[in-house]
Each structure stands twice: as structure tokens, then as C-alpha cells.
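Here's a quick briefing to read with the model open beside you. Take it topic by topic and find each piece as you go.

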Amino acid sequence: MPTLVSHPDEVKVISKRFGQGAANIDRYMELDGYKALRKALAVGPDAIINEVKASNLRGRGGAGFPTGMKWSFVPKESAKPKYVLCNGDESEPGTCKDHLIFLHDPHSVIEGAMIAAIAVGAHSAYIYIRGEYRYLLEIMQKAIADCYAKGICGKNIFGSGYDLDVFWHGGAGAYEVGEESALMESLEGKRGVPRIRPPFPAVVGLWGGPTVINNVETLASVPPIILNGGKAYAEIGVERNGGTRLFQLSGHVAKPGVYELPLGYNLKKAIYEVGGGIADGHKLKCVVPGGSSVPCLRPEEIDIALDFDSMMKAGTFLGSGGIVVINDQTCIVKFALRTIQFYRHESCGWCIPCREGTDWLTKSLRRFHAGAGVQKDIDNMRYLAENMLGRTFCPLGDAAAMPIIGFVKKYREEFEAHLDGRPCPFGQHTVSNAMAVSGH
Amino acid sequence: MKFTDQLEARFAEMLPHYPVKRSLLVPFLLYTQDEYGYVKDEVIEELARRLDITELDIRGVISYYSMLRTKPGGKYNVQVCTNICCLLRDGEQMLEHVRDSLGVHVNQGTTADGVFSVEEVECIGACSWAPAMQVNYDFHDNLTPEKIDRILKEYREKAAQ
């Protein structure tokens, strides 16, 4: 069972029921559960969307798209059924927040998905959970069954005349399925190969019907917005970035864990105060601030605000909120290799720049780390990665290229230290190249 | 083929969830794998018939998802994460420790008694509690070699019962 942590700077909006037994429906209802759903039914779609717009809630999956605006793109009239799809394929390395939400507060996801459905006029919502999270899927299955037993989902919910079904769905291991069009393919029983857009899912989505796709944390943020008002939620964060996020501190931080902090919180403070600084008396070398796919930051670059806009200004992304902290004993070349190896494994091969690029970069970095690199490899890797950007149907190609460009650009000296057959300068800390261990 | 009662119940439960019946394919394949140890040829044949799709189509789907396999694994499949957050907290050493304790190759075959197989896996979503692994679906986090020894011993005893 993952350990829960806490810090006085936390503002608990999504995590307020963590550790309170709220996976039990009665307990959830004691703790204000399903009150927002009743309110949403009473106020209707336009008021819901306006409230969510006012909250400045932006997509917690990583892209940060304004949620209220996304919902407003769904056409009011549609010949085909409309759908809400909750993206619980959490697979971005560094990301484990949805894991905790499903574990401690599954009903908040159901409630958020139902409110989204009412807002866009959908009568079915699907909650997709990655295959590895079987125990969380089972928690969700029970939560949904409990809702049906109480008449919260199904026909004529709360006597409103509105019918709304909620279904669970499980994956079977695929990072790429976290991309929204691939997610729909997967739910339709196919390989998770991305779709060409336009048309966008809000117009043509699941089984051809208009579809809203939101991350688990995004949907879990919706009930408190409806209950307490969008303005109150917006005020917790900063301009254009409302509310809180579950930031996941991992790596060489003294107190790793998932902390709920207001958007705009300082990254350096998050690492040194909330996370207790770098473990074992070492120094900070590098931070990957939003999951494995975002460009890294050097220690002198981390005095910045954790919100979507400030992070972009700093040349990186807030992404999934997974903050990976790397100490000065770590080899960046090795870290870059493990990063690209992941994307190589997950690339579906549909787009050539991604399929070939991730393979080529893996080979280059592996050779480089083994001491067989030459000077021109360094620029070649960057050139190769830069040429993957924007040339693939889904963002996996970008997700693979961006971190590599960052590492080469910002830690060139470490690449150079591996030249001319020199052994990895971090020797024992980079033993057992994963490839050698696994024999593939 | 006739599925086990449990699988038939699952199939009957899931089918009405979707407007297009093949939609149950991915989670249902995983449920069959849990039941039989891997996705059997007969399962593919049967699902092709029930869902009105080709066997080739189903095999294409199976090959895409990393959890689905068409050969048996160990009764307990030990999946050790070595992705970045686990890497930073000695995930590779944990993988080596599991491999050496069990005396089995990574991503290849099972122990002689068929009880264990070992897999190096990508991120399993336990980054803040790294290093982590899953044994079948059970999560084990904040691993140390000693903790791994205890965990493997428990599964070994469970298998002997």
C-alpha cells in the first residue's frame, strides 16, 4: 500500500478524503460525496460549464487544456450518442497520482465523470484504468456497483429524469494509450494506434460520437468546483491556473511522496522544503519537472512557479506533475538512455520518425554510455531528436525527443566526459545497463 | 470452446456495456490470461467467432499490449520496474537481486518448477514509492534486497500449499 505523506503547505482539495475510508460509498457520502452531482443536476449544463470555466481548471493529464472550454466544444445536438471517457491509463514515468485517487477516492472520479456527462449531455461515461492497476480496477468496479445499488447511476438518477450509465474498462499495458485518440481505439478493442485529427474527439470520438476525454485528476477536481464555486477554486491557484495539483516527488529527494500543492507553488521550495531536500547529503544535479517527457532543468533554473504558463516560459512543461529529482552522483547519459529506451519500447511504429528515431537514439546512447561514442554523435543525437519534433501523429514522438534534446543541450559536458573510450565517470552508480541485465 | 463459469459471467457482464461488441476485447483477453496463464489459441478462435472479427485481428491486438502473452509465464510473474524513478533508487539492482535469487533469466522462461518468471517492466505507477515491483497484480514498493527475500519466500510458500 503506497504511503501517504503530508506537509503544512499542502492545500487539500482532491486529497482531503485520502486515508478516510472514502472508497466506501457511505463514507464518501458522509464526506460531502455526491452533493455536487445533485447540484449539477439542479443547475444544468450551461451553469456547470460556466462554473468550470470560472475555476480555471486545466487538464491534469499534462497538456493543461482548459477543461471548461473542452466541454463547450461538444455540440449540443448530435445524431450519435455522446460519451465521457476518463483517462486512467496513467503510464508516464514519474506519475503515480491517479493511483492514489483510485485507491482512496474512487467515487470522486465517478462523480466528476457524471458531472461532465451532464454538462455535455452524455448518457454514458467510461472509466478506463490501465491493466497493471488491477487492484484499483477492482476498487472501481465495486464503487460503480455501489452507485447502481443506491440509484446514483443508471436510470432516472436522483429522480431527475436523467439517465446516466457509468462503466469501467481495463487496459493491458500500453503507454501510448494514454494519448486520447489511442485511448479511444483501445476502448474500441483495437491496437492503440492514434487517429488522425481533425476531426477532434469532441466532434467525432468513441464509436463516432462526440466525446469528452479527461484525466482522472481533472475529473476528481470537478465536484469541489461545483460544490464550492469556480471562483473559490480559481483563487487557490494563480492567474489562468486554478486550484491545486497532486505533485509527485520522486528520485533522490529525502521525502518522496504525493503532495497536493496550489498551482504557482515554487519548484525549489517543493523540492527543498516539502520534499526535505536531496537525500543522503548529496547535491542536486537535475530536475525533470513534469514526467519523463518534459525537458529537464538545471539546479540554477528551478526557482520558478509550478503552473502551466511559468513552466512553459522556463522552456519546459508542468506535464503530469511528476517531479523527478536527480542527484550529483547520477550519470545523465545513463538516465537519458533509460528514458529513450522506454519510448523505444512504447512506440507503436505507426510514424517513421518516432519508430526509427527512438531506436536510433537508444542505440546511440547505449554505445555512448559504453564509451564507444565520438564527438559528432553528440550533435547528431540532438539533430535527430529535433527532427522528430512535430512529425508524428501523436505526441509520443515529441515526448521521446524533448527530454533528449534537453539532456544534450544542458549536460553536454557529461556526454563529453564519456568520449574516447573513457569509462562512465559515475562508475558504480551506473552499473548493469538495463539492456545487459535483461538480455534484449 | 466453453469458458470457465467465471469467464462466461464476465463476458455476459461486459458485453452490454458497449454499443460495439469487440470493445470488450482488451480487458477480456487479460481476464482469460489470468484464468489460463496465457492467451490460448482456443480463446482467440472463440473470441473471433463471438465478436465477428478475424483471429488475425485479435493477434494484432495481443501483440500491441505488453501485458498480454501467448505463452505461459510462471505462476508468479515478478515484474521489476527499472524505469527512471526506480532506476534512481536502485531498481536495476533489485532486478538483478530477483534474477539471482530465483536463478532465472529476465524476460525468458520460468524457474524449473514453473513457479516464478521474471520480467523487467516499464513504469508501473509507483514512482514516489520506488523501487517497486509487481508480483502478478500485487504491488510491492520501497524495495530492498531483504524485503525482496521476504516477499519471494511468501510466494514460494504459497505455491507449495
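Helices (H or I, at least four residues) and strands (E, at least two) are DSSP runs, numbered from the N terminus, and two strands pair if DSSP finds at least two bridges between them. What you're looking at is a predicted model, where local features need pLDDT of at least 70, side-chain atom pairs count only at pLDDT 80 or more, and totals for chains, interfaces and linings use all residues. Residues are numbered from 1 along each chain as its sequence is written, while chains are lettered from A and ligands numbered from 1 in the order in which they are written.

**A strand in chain A**
- In β2(A), the bridge partner of Gly88(A) is Ile129(A); Gly88(A) belongs to strand β1 (residues 83-88) of chain A, which pairs with β2(A) in the parallel sense over six bridges.
- β2(A) is also joined by six bridges to strand β3 (residues 165-170) of chain A, again running parallel, and here Ser124(A) sits opposite Asp165(A).
- Six of the six residues of β2 (residues 124-129) of chain A are buried, so the strand is largely enclosed by the rest of the structure (buried means 20 or more other C-beta atoms within 10 Å of the residue's own, with C-beta atoms placed from the backbone).
- In a regular strand the side chains alternate between the two faces of the sheet.
- Ser124(A), Tyr126(A) and Tyr128(A) are buried on one side of β2(A), and Ala125(A), Ile127(A) and Ile129(A) on the other.

**A sheet in chain B**
- Four strands make an open sheet in the order β2-β1-β3-β4 (chain B), with mixed pairing.
- β2 (116-121) and β4 (138-140) of chain B are the edge strands, each pairing on one side only.
- Strand β3 (residues 133-135) of chain B runs antiparallel to β4(B), joined by three bridges; Met133(B) stands opposite His140(B).

**Where the chains meet**
- 43 residues of chain B are in contact with 56 residues of chain A (in contact means that the C-beta atoms, placed from the backbone, lie within 7 Å).
- α2(B) gives the largest share of chain B's side, five residues.
- That side of chain B divides into 26 nonpolar, 11 polar and six charged residues (Ala, Val, Leu, Ile, Met, Phe, Trp, Tyr, Cys and Pro count as nonpolar, Asp, Glu, Lys and Arg as charged, and the others, Gly among them, as polar).

Note on methods
Contact = placed C-beta atoms within 7 Å. Buried ≥ 20, exposed ≤ 12 C-beta atoms within 10 Å, placed from the backbone.
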